[in-house]
Amino acid sequence: MQLLDKIVENARLKQRHIVLAEGEDSRIIEAALRAEREGLARITLLGNKDTIGAQVRGSNIEIIDPVMSPRRDIYAERLHALRQSRGLSPEQAHAIAGTPLGFAALMVREGDADGTVAGAVSTTAEVIRHALQIIGKAEGVTLVSSFFLILLCEPYHPKKGMFVFADCGIVVDPDYRELADIAIQSAGSFRQISGQEPAVAMLSFSTGGSAAHERVTKVVQATQLARALRPDLCIDGEMQFDTAFVEAVSKTKLPNSPLKGEANVFIFPNLEAANIGYKIAQRIGGAKAIGPILQGLAKPANDLSRGCNADDVFHMIALTANQCGE
């Protein structure tokens with residue numbers, strides 16, 4: 001896939017340091033070896049050195065056991081200082097610093113790694129909780145959300161390209177302010193990963209006032225707010241998916257839309273719609289779906305599906321490296 005090749009090549013150029021918290025999992029090890037072999041990133045695996053070592057012998061992959069690491073005490077002190085106002089005791093901080101998720105997030109927070117990936121074993125809730133509580137939100141950000149990168153590149157796809165679907169994984173029922181925030185963040189994520197200009201569609205079951213309902217009103221208000229906050233972005237809505245995606249439909253239903261059926265960032269009104277939408281695109285449409293990719297954090301930390309394979313992990317490493325700043 002040329003689109004994935006571009007993401008991988010960009011990661012190679014950045015040469016970032018990515019820590020994989022679930023280093024004993026066979027899928028993680030396979031992806032780490034491939035990433036190291038192909039020069040994708042510098043890789044650190046967390047876990048038992050005896051368990052991992054024999055499988056990565058001959059590579060330059062670093063292995064750290066959080067329980068035994070001399071960094072654990074330092075990280076525990078930093079974590080306690082960070083969260084003691086929230087009631088975290090020194091003992092609790094030391095325990096968290098000895099866990100793979102906690103240690104990985106602390107590595108990123110303290111600048112000992114550029115980004116982290118987990119979720120092959122851990123739940124999404126666990127991954128996100130550690131990222132939020134330890135890495136924290138980016139400056140000026142009020143909401144952490146997520147997106148899936150959708151790639152249409154098979155011969156039977158009438159339209160080829162890279163698209164963003166949001167929010168498919170975190171914010172269950174955003175209000176109009178949160179929806180506007182998700183739209184702005186997703187536009188930035190699309191530009192960062194693709195190098196292309198975002199064209200944002202605010203999705204609904206209504207197009208241009210064709211239906212009246214409070215859920216339609218929320219999308220209209222979100223569109224207005226996003227435009228006011230970021231007049232430099234191309235954002236339009238409310239609209240149905242076909243209006244956002246098909247030029248001929250756009251000409252009929254919303255002829256004055258600046259998107260003209262060429263949206264590349266799709267903002268769904270709630271998680272329910274977004275999650276269903278990306279799975280339909282993946283399972284019926286044959287799209288490549290990568291995610292959920294987190295946005296709004298101070299530094300990159302991303303989640304994997306527990307049903308992922310080594311290819312999914314490899315590409316998430318590449319995407320995480322792409323999210324790292326210069």
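The model I am reading is a predicted one. I recalled that side chains in a regular strand alternate between the two faces of the sheet.

I then checked burial over the whole of β5, residues 145-152. Eight of its eight residues are buried, where buried means under 20% relative accessible area. I therefore noted β5 as largely enclosed by the rest of the structure.

Next I looked up the strands paired with β5. Strand β10 (residues 288-295) is joined to β5 by six bridges, and the two run antiparallel. For S145, I found Q295 as the bridge partner in β10. Strand β6 (residues 161-166) is also antiparallel to β5, again with six bridges. Opposite F147, I found A166 of β6.

I moved on to the helices. Two packed helices are described by the angle between their axes and the distance between the axes. For α1 (residues 2-14) and α13 (residues 310-323), I read an angle of about 55° and axes 8 Å apart. The two helices are therefore oblique to each other.

Which residues of α1 and α13 meet? From α1 I listed L4, I7, V8, N10, A11 and K14, and from α13 F314, H315, A318, L319, A321 and N322. Sorted by class, this contact has eight nonpolar residues, three polar and one charged.

Notes
Residues numbered from 1 in each chain as written. Predicted model: local features only at pLDDT ≥ 70, side-chain atom pairs only at ≥ 80, totals over all residues. Heavy atoms only, no water. Axes fitted to C-alpha atoms, helices over the stretch in contact; angles between N-to-C directions. Helix = DSSP H or I, 4+ residues; strand = E, 2+ residues; numbered from the N terminus. Parallel < 35°, antiparallel > 145°, perpendicular 65-115°, else oblique. Contact = heavy atoms within 4.5 Å. Nonpolar A, V, L, I, M, F, W, Y, C, P; charged D, E, K, R; others polar. Buried < 20%, exposed > 50% of the residue type's maximum accessible area, 1.4 Å probe, protein only. Pairing = 2+ DSSP bridges.
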